[in-house]
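This report describes the fold of one protein chain.

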Amino acid sequence: MVLYIGVMSGTSLDGLDIALIEQSPAIKLLATHYIPMPESLRAELLALCASGPDEIARSAIAQQHWVRLAAQGIHSLLEKQQLKPDSIRAIGSHGQTIRHEPARGFTVQIGNPALLTELTGITVVSDFRSRDVAAGGQGAPLVPAFHEALFEQRAGQRAVLNVGGFSNLSLIERDKPVAGFDCGPGNVLLDAWIHSQRGDNFDRDGRWAASGNVEASLLKTLLSDPFFATQGPKSTGREVFNLPWLQQHLATLPAFAPENVQATLLELTALTIAESLQAAQPATQELLVCGGGAHNSALMSRLAQLLPHSKVASTATHGVDPDWVEAMAFAWLAHCCLEGIAANRPSVTGAHGLRVLGAIYPA
């Protein structure tokens with residue numbers, strides 16, 4: 001068996017997902033481990049997404065905390081599986097994105113891979129996005145090539161939707177290059193709004209959103225953002241969509257009940273996904289959903305309503321737990337790097353060509 005570990009902490013900043021996969025050559029998920037993000041680290045990583053005092057030193061310290069948390073989780077996973085570090089070929093570590101501005105030629109993920117190698121005794125592959133950006137690409141999303149490998153479509157058209165902090169689509173059709181792009185906010189605004197109003201980190205099952213009504217005027221002004229009018233390749237992040245962005249739009253309109261704002265944000269997420277899919281691949285037969293959004297029944301129900309000609313279902317219907325797809329992807333990206341396999345897709349990111357992604361820190 002050739003074993004890899006993937007470590008992923010996304011824009012939701014809820015915790016670290018750690019996945020153990022077998023690559024031989026099929027991709028098989030063997031075990032998982034989750035570590036909640038300490039609130040102090042979550043707050044600091046969130047703060048580092050915007051400019052602030054002494055941010056270089058603060059980011060260096062924050063990534064040390066992030067890596068020690070990741071190493072702790074990796075050792076726990078290995079212990080549960082009765083595996084030694086030398087049985088793992090490599091760790092694929094995404095790190096934590098704190099800035100993503102491909103239009104300005106950079107993307108920044110912190111995660112100190114050198115320290116992770118020292119703490120685990122395992123080769124680490126990291127920094128997956130920067131080579132694609134250097135080649136003129138967006139550096140995101142990177143998962144479409146993995147989605148293609150995992151959910152190969154033998155006939156017709158299939159799409160895979162990841163709903164984390166942001167939402168992205170992978171468009172899969174036999175004998176065609178995989179396509180994909182970021183659609184816009186996934187959970188990022190929903191999480192920010194409920195946290196500002198109720199102190200909760202997320203809207204469990206979309207219940208609070210379901211208790212409200214969509215405010216048409218608010219939805220219209222949110223949809224006026226230029227990002228939604230652009231075509232792929234495109235990617236986005238907290239630099240564009242964040243709580244101040246929402247508050248600026250709210251300030252131009254009459255006051256709304258907080259639950260109605262939440263309902264409108266859920267509609268924004270669902271509508272931008274559905275419209276993006278209909279524009280890019282209108283004959284999609286099946287939409288497979290992964291990420292935290294797969295557990296939001298209000299969102300899943302609304303997507304099914306907006307896409308009546310597509311079967312909307314969790315990736316679990318194909319035997320892949322929706323919570324672990326992204327962590328699996330970074331384990332697979334480590335495999336691709338070590339094998340010299342190009343893992344970006346110019347049809348997705350707009351890069352000048354295929355590139356091997358990642359930097360290697362040998363054990």
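## Backbone, sheets and a pocket

D127 is found in the loop between β7 and α4. The model is a predicted one. Phi of D127 is near 55°, a positive value in a residue other than glycine. With a relative accessible area of 36%, D127 is partly exposed. D54, in the loop between α1 and α2, also has a phi near 55° and is not a glycine. D54 is exposed, at a relative accessible area of 55%.

Two cis peptide bonds can be described here. One runs from A140 to P141, with omega near -10°, and P141 sits in the loop between α4 (130-134) and α5 (144-150). Another joins G232 and P233, with omega about 0°; P233 belongs to the loop between α8 (216-223) and α9.

### The six-stranded sheet

An open sheet of 6 strands runs in the order β3-β2-β1-β4-β7-β13, with mixed pairing. Its edges are β3 (27-36) and β13 (359-361); each has a single partner strand, so one side of each is left without a neighbour in the sheet. Neighbouring strands of this sheet are turned by 20° against each other on average, direction ignored.

Within this sheet, β1 and β4 pair in the parallel sense over 5 bridges, and I5 stands opposite I91 in β4. On its other pairing, β4 (residues 88-93) is parallel to β7 (residues 124-126) over 2 bridges, with G92 opposite V125 in β7. Strand β4 is mostly covered, 5 of its 6 residues being buried.

Helix α2 (residues 55-80) lies across β1 (3-8), β2 (15-23), β3 and β4, and runs at about 130° to β3. Helix α12 (residues 325-339) lies across β1, β2, β3, β4, β7 and β13, at about 125° to β1.

Helix α3 (residues 113-120) has P113, L115, L116, T117 and T120 buried. These buried residues pack against α2, β4, β7 and β13. An α-helix has 3.6 residues a turn, so residues three or four places apart point the same way. After α3 comes G121, whose phi is positive, near 70°.

### The five-stranded sheet

Another open sheet has 5 strands in the order β10-β9-β8-β11-β12, again with mixed pairing. Its edge strands, β10 (179-185) and β12 (311-314), each pair on one side only. The twist averages 20° from one strand to the next. Strand β9 (residues 166-173) pairs with β10 in the antiparallel sense over 6 bridges; S167 stands opposite G184 in β10.

Helix α10 (residues 258-280) lies across β8 (157-163), β9, β10 and β11 (286-290). Helix α11 (residues 297-306) lies across β8, β11 and β12.

| Helix | Strand | Angle |
|---|---|---|
| α2 (residues 55-80) | β3 | about 130° |
| α12 (residues 325-339) | β1 | about 125° |
| α10 (residues 258-280) | β10 | about 155° |
| α11 (residues 297-306) | β12 | about 160° |

### The second largest pocket

About 360 Å³ of space lies in the second largest pocket. Its lining consists of 19 residues, of which L46, V188, A192, R238 and L243 lie nearest the centre. The elements giving two or more residues to this lining are α1 (39-47), α6 (188-198) and α9 (243-250). Helix α6 gives the most, with 5 residues.

### Cysteines

How many disulfides does the model hold? The count comes to 0 disulfides. For C336, the closest cysteine sulfur is that of C337, 8.8 Å away, which is too far for a bond, because a disulfide needs the two sulfur atoms within 2.5 Å. C336 counts as buried, at 1% relative accessibility. C49 also counts as buried, at 15% relative accessibility, since the cut-off for buried is under 20% relative accessible area.

Notes. Residues are numbered from 1 along each chain as its sequence is written. This is a predicted model: local features need pLDDT of at least 70, side-chain atom pairs count only at pLDDT 80 or more; totals for chains, interfaces and linings use all residues. Side-chain values use heavy atoms; hydrogens and water are left out. Buried means under 20% relative accessible area, exposed over 50%, partly exposed in between (1.4 Å probe, protein chains only). Two strands pair if DSSP finds at least two bridges between them. Helices (H or I, at least four residues) and strands (E, at least two) are DSSP runs, numbered from the N terminus. Axes are lines fitted to C-alpha atoms, for helices over the stretch in contact, and angles run from 0 to 180 degrees between N-to-C directions. Contact means heavy atoms within 4.5 Å. On a 1 Å grid over the protein atoms alone, a cavity is a set of points where a 1.4 Å probe fits but cannot get out, and a pocket is an open set with protein on both sides within 12 Å along at least five of seven lines; lining residues have an atom within 4 Å of a point. Grid points are joined across faces, edges and corners, and a volume is the space filled by probe spheres set on the points.
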